[in-house]
Each structure stands twice: as C-alpha cells, then as structure tokens.
Amino acid sequence: MAELNYGLSELALEIRGMVREFAEARVKPVRAELDETGHFPTEILRELGKMDLMGLYIPTEYGGTFEGDSMPNLIAVEELSRICIGVSVSFAANGLGADPILLGASDEQKKKFLPPLASGEKWAAYALTEPNAGSDAGSIRTTAVKKGDKYVLNGTKQWITNGGEADIYTVFAVTDKNRGARGVSCFIVEKGTPGFSFGKKENKLGIRASATRELIFEDCEVPAANLIGREGTGFIWAMKTFDVSRPGIAAQAVGLAQGALDEAVAYAKVREQFGKPIIANQGLSWMLADMATKVETARALTYAVVQSIDRGVKDYSKFSAMCKVYASDVAMQVTTDAVQVFGGYGYMKEYPVEKMMRDAKILQIYEGTNQIQRDIIGLALNKEYGAAAKK
Amino acid sequence: MHIVVCVKQVPNTTQVRINPETNTLVRDGVESILNPFDENALEMALQLKEKHAGTKVTVLTMGPPQAAEVLKEAVGRGADAVTLLCDRAFAGSDTWATSYALSTAIRKMEPAPDLVLFGKQAIDGDTAQVGPGVADWLGLPCIAYARKIEIADGKAIVERNFEDGYEKLETSLPCALTVLKEANVPRMASLRGKMAAKKLALQPTTAEAVDADPAKLGLNASPTRVVKIFSPPPKTGGVKWQGEEPAVLAQRLADLLRERKLI
C-alpha cells in the first residue's frame with residue numbers, strides 16, 4: 001500500500017512490523033469475543049511484555065528501550081488500535097500511569113517502579129478522575145494526610161482504566177484543602193496496600209475489553225517515600241502527563257480510523273449491487289476518499305506533534321490538544337461512515353465496524369473531553385496573541 | 001540442559017503453485033519461512049528453557065546461505081546459539097543423507113545435547129523421516145508425534161499423540177522428539193531478540209568441519225530420487241441421478257453395482 005514517508009527511524013519501522021503482525025495474529029481472532037464478554041486481555045499484554053514492547057516509552061537506564069524517540073511507542077499504540085482499541089487502551093494506560101513517575105519522580109523512585117513496568121511484569125494505572133471531578137480535575141476530594149513517615153489516603157477514584165488489573169497506581173489526592181489545585185499531590189500506590197480496594201467493573205458502550213473500575217481508599221497508608229515530587233505539585237504532574245499522553249489518544253484514533261477504512265474499502269470492492277461492486281459508485285468512492293484523506297491528515301498532525309516534542313519544542317500543550325481533538329473527531333466520523341458503507345451488514349455484530357463505531361466514542365471523551373481540548377487551544381491562542389499585541 | 005532444535009527453511013506453501021507443464025513447484029517469488037512444525041519444536045525448547053534454569057537452546061539447519069534467515073528468526077525468539085550447515089557437498093541430499101549430515105553436526109556440539117527436537121515434518125517434503133533418521137544415526141531413543149514433555153530427574157515424560165488418543169512414555173536422556181502443532185502456540189520474536197539477530201554474523205559450517213563422510217552426502221549418496229511431482233488429477237464427476245423416487249434410484253444403483261460385480 002502506498003504510504004507517506006514520515007522519516008520514521010529503523011526502530012519505529014521495526015515496531016510497526018512487529019505490532020502489526022502481532023495484532024493480526026493475536027488480537028484480531030479474539031477481539032469480537034473480548035468485546036462480547038468484556039474479558040481483560042491479560043494474555044495479550046503478557047505476550048507484549050515478553051516481546052519487549054511494554055517498555056518502549058521507558059528510558060534504557062530503567063529497563064526500557066526509549067532513547068529519545070517517542071514514535072515506536074506511538075506506532076505500537078496505533079497498530080494495536082487498528083485492530084482493537086479495547087486492547088490498545090489497556091496497553092497504553094500503562095504509559096499513562098507511568099507518566100507522572102517519568103516526569104516527576106526521583107531517580108530512586110524510578111529505579112524501584114519503572115523496571116517491572118518496562119519488562120511487563122507489572123502494569124500501571126493513572127488515577128485522577130472522581131465522581132464529582134471529571135473535566136474539573138482540580139476539584140478532587142480524595143485526601144492524603146501526613147502521619148509520621150506515611151500518608152493516609154481516603155476517597156474514591158472513578159473510571160480508572162486498568163483499575164484492578166494494574167499493580168502500580170499514580171493517585172492524585174488533596175494534601176492541602178485551602179490551596180485548590182495547588183494543594184494536590186501525587187502518590188505511587190501499590191496494589192495490595194491495606195485499605196486500597198476496587199469497586200465493580202463498569203459495563204461500557206465500547207472498549208469493552210478494557211477494565212474500568214473504582215479505586216477505594218479507606219485509611220490507606222502509603223509510605224511518604226511514594227510521594228512524587230513535593231507536596232502540592234500533583235496537579236502539575238497531572239497536566240504535564242496529559243500534554244504527553246494526548247498524542248497517544250490521537251494515535252489510538254488514527255489506528256482505529258485506519259482499521260475502519262481498511263474494512264470499508266475491502267468491503268466496497270467485493271459487495272455487488274446493481275451488477276457492479278459498490279465502490280464503482282461515485283457517491284461511495286468519494287465517501288471513501290474523504291475517509292482516507294481524514295485518516296492521513298490525522299496521522300500527519302499526530303506524528304508532527306510527537307516528533308516536535310522529541311525535537312525539543314517546549315509549548316506543546318496546544319498541539320497535543322489539537323491532535324487529540326482532531327484525530328478523535330476523525331475516528332468518530334470515519335467509523336460511522338464505515339458502518340454506512342457496510343449498510344445493514346455494518347449494523348450486525350458479524351462484522352467488525354459496529355464495534356469500531358462504539359469504540360470510537362470514548363476517544364472524544366477520555367483524557368479530557370474534546371470540549372476541554374478546545375478550551376486548551378483557545379486559552380493558548382488568547383495568551384499567545386495577547387503577548388504578541390504587547391510587543 | 002542443552003537442547004538442539006533442527007529446523008528447515010521451506011517455501012510458504014500457501015503461496016506455492018505447481019507448473020502444469022513441467023510438474024515442478026513454482027518457487028519464483030514465493031516467500032521462505034521457518035517450517036511451521038519446527039516453530040512448535042523451537043517453542044517447546046524455549047518453554048523448557050524458561051522452566052529449567054541454565055538451559056541452552058541451539059538451533060541447527062542445513063541449507064543454502066539464505067537459510068540463515070530462519071536461524072535469525074530463531075534467535076529473535078530466544079535461541080542461544082545457531083549452526084548453519086552450508087556446503088555444496090550437501091546439495092541434493094534426500095532424507096537419508098540429510099539425517100546423516102545433521103547427525104554429524106550434532107555430534108560435534110559441546111556439551112552433547114540432552115534433547116534433540118524436530119518438527120513433525122516439513123511442509124514441503126512432508127516425509128517426517130529426518131527426525132527419526134537423525135535419532136538413528138545418533139543412536140538416540142526417538143519419540144515421534146510428541147505433544148507434551150516434562151523433564152525431571154534426568155528423564156523425560158512424553159505424550160505421544162494418535163488419532164484416537166495418546167500414550168504417555170518415559171525415556172532416559174538424551175533422546176529425540178518430533179513435535180506436533182498441538183504442543184503449543186509458538187511465540188513471536190521479541191524486540192531485543194530481533195536486535196540480537198540483526199547483529200548475528202553467521203559463519204557457515206562446512207562438511208569438513210563436522211567430519212562428515214563425503215560418500216554419505218549429497219545427491220549421489222541419496223538412495224531415493226524424486227522422479228516426478230504432480231498434482232493428483234481432480235476427481236471426476238461420476239454418475240448422478242436425481243429427481244426420481246428413492247426406491248427407483250436405489251434399484252438402479254443396485255443394478256449398476258451388480259453389473260460391475262461389486263455386490
């Protein structure tokens with residue numbers, strides 16, 4: 001298939017080949033079943049760990065293979081997403097959970113917690129959202145009170161991806177009620193810590209293979225050594241995490257949209273009505289052309305953002321939001337159109353496109369709704385143009 | 001423990017066609033792969049390695065220089081060492097000569113293997129003879145069609161499959177097995193394995209290096225010859241009756257069978 005040259009490294013191309021083959025061989029045959037049953041893809045993640053693919057974003061000194069190129073991990077997410085984003089989110093949520101550690105933890109903390117994540121022996125999860133703190137993440141109510149060399153956590157986290165399955169959680173809690181977002185701190189909490197339990201697994205519209213659970217903290221004592229950075233820096237790690245993780249959601253969107261496009265074109269070539277393949281109808285081929293154009297545009301923007309971050313561009317918050325919002329809107333449009341191309345068959349569970357359409361919706365919601373992304377872009381514009389006017 | 005896995009590079013048979021004019025395989029443009037059953041043998045070795053610390057897995061193949069690719073694949077999956085038997089003297093070897101050649105390479109290995117594994121058969125020749133042949137040259141007990149192995153106290157407990165059941169056998173080590181597809185799901189190569197494979201500088205091992213007797217090698221030493229390869233003719237249609245009463249059709253069938261003296 002013809003493709004653009006994005007100047008990918010040898011490693012990134014190698015990863016693309018490996019994960020594409022893996023997703024076809026191991027994920028495709030089970031994705032419908034995982035969707036139907038909601039079973040967590042434990043075996044798939046274990047195998048990805050054995051293939052050294054769980055540490056693509058972790059620096060080599062902490063057991064991973066990251067040496068400054070973020071594309072291999074991004075492409076691994078994209079290729080898994082092409083087949084199933086229920087699986088790819090379970091994979092990518094490890095990176096999300098580990099990001100506060102990568103960004104803010106001490107060398108000692110990194111040495112302790114990152115190597116088992118890199119090997120795939122342990123999994124991670126990121127715990128910010130609460131029942132009353134979604135888009136308004138600064139209003140979380142989970143508390144952490146210092147007691148000697150420990151912090152005592154109380155509260156409930158909601159809709160935590162990999163909740164119950166992960167071993168290492170980065171949990172945001174309020175250490176100073178009077179300081180708002182500046183009173184939030186981030187803690188590393190290990191599964192099995194007394195007072196830390198899980199609520200029920202959510203029954204979802206899409207990404208049903210992924211595990212989404214409540215985390216419940218009841219007088220849960222966490223070693224003070226597990227505080228990331230200083231007290232009150234938590235919200236900074238939370239937001240910085242999103243700046244680097246949002247292109248990952250965009251990669252999921254690009255992969256999912258590509259997968260839907262692949263299905264739609266293949267079907268349009270073999271489905272015959274009125275004595276000819278439906279792709280021979282201009283109305284339908286133009287629809288496919290628009291889908292393909294959107295997928296490639298979303299890919300180009302996403303890659304450009306990640307490659308720019310790697311090249312040292314500093315103010316990338318706006319661009320991270322742009323690729324997330326754009327690619328996820330594209331994924332929703334393209335998967336919806338793929339169902340349309342399939343017609344009645346597309347609505348049936350025998351074909352994969354209805355699942356893709358259900359799965360796509362979450363991309364416009366999680367890691368900041370697309371409205372929040374637009375807020376971020378708008379705020380940045382306001383700030384940038386304000387600064388320019390002063391000059 | 002030292003495990004030797006013998007593998008073969010084969011054409012991907014899902015892509016192979018037979019030239020109807022010459023009755024030979026059309027290999028042009030056909031991708032070469034690691035023989036699928038050998039993947040199961042390699043996986044069995046790698047799982048034993050994970051279970052028994054200090055195990056070394058050596059993968060051996062005989063073939064042209066490009067057969068190095070299957071050895072690289074094996075290293076990618078976790079093989080510790082590889083041997084490429086590659087020499088014009090081996091060219092044209094049938095299963096007898098191939099078995100002999102492989103056995104000479106295995107004899108040279110240090111330490112001597114505790115276990116020699118083969119895939120059930122290669123998907124190109126389909127003979128299933130090389131595994132047992134090598135075992136015979138080496139004087140090893142051989143269990144063909146193995147689906148499971150457990151090793152304890154210097155012995156192997158092996159399950160050998162039949163169409164309608166299985167046998168559980170115990171054998172001393174060293175021994176040889178040919179491994180079935182049912183044994184496991186072969187892993188895919190790891191990233192670090194692939195990197196190691198890329199750096200692999202493979203030196204072919206010659207017939208002389210393994211002290212192979214030239215009189216037992218290659219086409220001339222092979223007691224069998226491939227006379228012809230052909231697609232079996234498609235089944236012809238036979239006779240078909242329909243649309244009449246079952247009793248009438250049954251009578252007609254009985255008459256025909258009687259006429260041909262089949263009943």
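This briefing walks through a structure with chains A and B, from overall form to local details. The structure is a predicted model, in which local features need pLDDT of at least 70 and side-chain atom pairs count only at pLDDT 80 or more, while totals for chains, interfaces and linings use all residues. Residues are numbered from 1 along each chain as its sequence is written, and chains are lettered from A and ligands numbered from 1 in the order in which they are written.

**Chain B as a whole**

- Chain B has 6 helices and 12 strands; helices (H or I, at least four residues) and strands (E, at least two) are DSSP runs, numbered from the N terminus.
- The radius of gyration of chain B is 23 Å, whereas a compact globule of 263 residues would come near 18 Å. This radius is taken over C-alpha atoms, and the globule rule is 2.2 Å times the number of residues to the power 0.38.
- Along the principal axes, the C-alpha atoms of chain B fill a box of roughly 75 × 45 × 40 Å.
- Of the 263 residues in chain B, 39% are buried. A residue is buried if 20 or more other C-beta atoms lie within 10 Å of its own, exposed if 12 or fewer, and partly exposed in between, with C-beta atoms placed from the backbone.
- Taking contacts in chain B between residues at least 6 apart in sequence, 70% join residues at least 24 apart. Two residues are in contact if their C-beta atoms, placed from the backbone, lie within 7 Å.

**The sheet of chain B**

- Chain B holds an open sheet of 8 strands with mixed pairing, in the order E7-E6-E1-E8-E12-E9-E10-E11. Two strands pair if DSSP finds at least two bridges between them.
- Strand E7 (81-85) and strand E11 (165-172) of chain B stand at the edges with a single partner strand each, so one side of each has no neighbour in the sheet.
- From one strand to the next, the twist averages 30 degrees.
- E7(B) pairs with strand E6 (residues 56-62) of chain B in the parallel sense, over 5 bridges. B:Val59 has B:Val82 in E7(B) as its bridge partner.

**Helices on the sheet**

- Helix H1 (residues 36-51) of chain B packs on the sheet, where it touches E1, E6, E8, E9 and E12 of chain B, and its direction makes about 150 degrees with that of E8(B). For such angles, axes are lines fitted to C-alpha atoms (for helices over the stretch in contact), and values run from 0 to 180 degrees between N-to-C directions.
- H4(B) lies across E1, E8, E9 and E12 of chain B and runs at about 65 degrees to E9(B).
- In helix H4 (residues 130-138) of chain B, the buried residues include B:Val130, B:Val134 and B:Leu138. The buried residues of H4(B) pack against several elements of chain B, among them helix H3 (95-107) and strand E8 (115-119).
- After H4(B) comes B:Gly139, with a positive phi near 70 degrees.

**Domains of chain A**

- Chain A is divided into domain 1 (10-122), domain 2 (125-235) and domain 3 (239-386); these bounds come from an automatic or database domain assignment.
- The centres of domain 1 and domain 2 of chain A, taken over C-alpha atoms, are 22 Å apart. Their contact takes 23 residues from domain 1 of chain A and 20 residues from domain 2 of chain A.
- On the side of domain 1 of chain A that touches domain 2 of chain A, H5(A) gives the largest share, 11 residues.
- The residues of that side of domain 1 of chain A divide into 14 nonpolar, 7 polar and 2 charged. Ala, Val, Leu, Ile, Met, Phe, Trp, Tyr, Cys and Pro count as nonpolar, Asp, Glu, Lys and Arg as charged, and the others, Gly among them, as polar.

**Where the chains touch**

- Chain B brings 6 residues into contact with 9 residues of chain A. The residues on the chain B side divide into 2 nonpolar, 1 polar and 3 charged.

**Backbone details to look for**

- B:Glu110 and B:Pro111 are joined by a cis peptide bond, with omega about -10 degrees; B:Pro111 sits in the loop between H3 and E8 of chain B.
- Another cis peptide bond joins B:Leu173 and B:Pro174, with omega about 0 degrees; B:Pro174 is in the loop between E11 and E12 of chain B.
- A:Ile207 is not a glycine, yet has a positive phi of about 35 degrees. A:Ile207 is buried, with 28 other C-beta atoms within 10 Å.
- B:Asp211, also a residue other than glycine, has a positive phi near 55 degrees. B:Asp211 counts as exposed, with 10 C-beta neighbours inside 10 Å.
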